[in-house]
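This report describes one protein model for a reader who has not seen it before. Please look over the sequence and the structure first.

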Amino acid sequence: MTARTTTRALAAALSLAAALAISGCSSDPDAAGKPKMTVSGAFMPEPVNDKMAGAFMVIKNDSETADKLTAVTGPLSDDMQIHETKDQKMQQVPAMEVPANGELKLERGGNHIMLMGLKDKPKVGDKVTIELRFEKADPVKVELDVKERTYQAQHTASH
């Protein structure tokens, strides 16, 4: 092999390696800016009966891409709804915005999740698992701590 042939072969190999590295990065779904959601302070007040319960939490989006909470599922209820509260009236909505580099607060007296037609009635100290589904982000499993009916979450800037 001549020096010239070796140089050409090396250049071709380096070009191929660079092309593979670039194409590998671009096919990575996380490289496309898929949001990653985290949840804190998730709880459910002990339900009064098996007809309905509320779920509250803070959903944080640390990415540059806004997203939407589009569905909630779990074994406790086949009918989980996303509710917004406007002018002291709650109504079901198909989705709720989770802003880029921001958070969606689901809290008493405000936006929240409703679990309708409970299959069981959880007690204080139990844990209820739900899964949040988003337009872009991967689903997030959340464990709700069942608290006293009068429990008020303390959301502070330090969280």
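## Surface and overall make-up

The protein chain has an accessible surface of about 9800 Å², and carbon and sulfur atoms account for 53% of that surface. Accessible areas are computed by the Shrake-Rupley method with a 1.4 Å probe, and for residues only the protein chains shown count as cover. This is a predicted model, in which local features need pLDDT of at least 70 and side-chain atom pairs count only at pLDDT 80 or more, while totals for chains, interfaces and linings use all residues. Residues are numbered from 1 along each chain as its sequence is written, and side-chain values use heavy atoms, with hydrogens and water left out.

The mean pLDDT (the predictor's confidence in each residue, from 0 to 100) of the protein chain is 84, and 77% of its residues reach 70 or more. Over residues 16-31 pLDDT stays under 50, and there the model has two contacts beyond four places in sequence. A contact here means heavy atoms within 4.5 Å.

One helix and ten strands make up the list of elements in the protein chain; helices (H or I, at least four residues) and strands (E, at least two) are DSSP runs, numbered from the N terminus. Along the sequence the pattern is α-β-β-β-β-β-β-β-β-β-β. Of contacts between residues at least 6 apart in sequence, 71% join residues at least 24 apart.

## Strand pairing

Two strands pair if DSSP finds at least two bridges between them.

| Strands | Direction | Bridges |
|---|---|---|
| S1 (residues 37-45) and S2 | antiparallel | five bridges |
| S1 and S10 (residues 140-147) | parallel | three bridges |
| S4 (residues 79-86) and S8 (residues 112-116) | antiparallel | five bridges |
| S4 and S5 (residues 89-93) | antiparallel | five bridges |

S1 and S2 form a hairpin with six residues between them. Phe43 stands opposite Phe56 in S2, and in S10 its bridge partner is Asp145.

## The interior

Of the 159 residues of the protein chain, 31% count as buried, where buried means under 20% relative accessible area, exposed over 50%, and partly exposed in between (1.4 Å probe, protein chains only). A nonpolar core is a set of buried Ala, Val, Leu, Ile, Met, Phe, Trp, Tyr and Cys residues joined through side-chain atoms within 4.5 Å. The largest one has 29 residues, of which Met57, Ile59, Ile113, Ile130, Leu132, Phe134 and Leu144 touch the most other members.

Asn61 lies in strand S2 (residues 52-61) and is buried, with a relative accessible area of 0%. The side chain of Asn61 reaches the backbone oxygen of Thr65 at 2.8 Å. Beyond four places in sequence, the contacts of Asn61 include Pro35, Met37, Asp67 and Pro99.

Pro99 is placed in the loop between strand S6 (96-98) and strand S7 (102-106). Pro99 is partly exposed, at 31% relative accessibility. Leaving out residues up to four places away in sequence, Pro99 touches Asn61 and Ala66. Pro99 and Lys60 are 39 residues apart in sequence, with 8.6 Å between their C-alpha atoms.

Key:
Polar contact = N/O pair within 3.5 Å; in protein donor to acceptor, adjacent residues only side chain to side chain.
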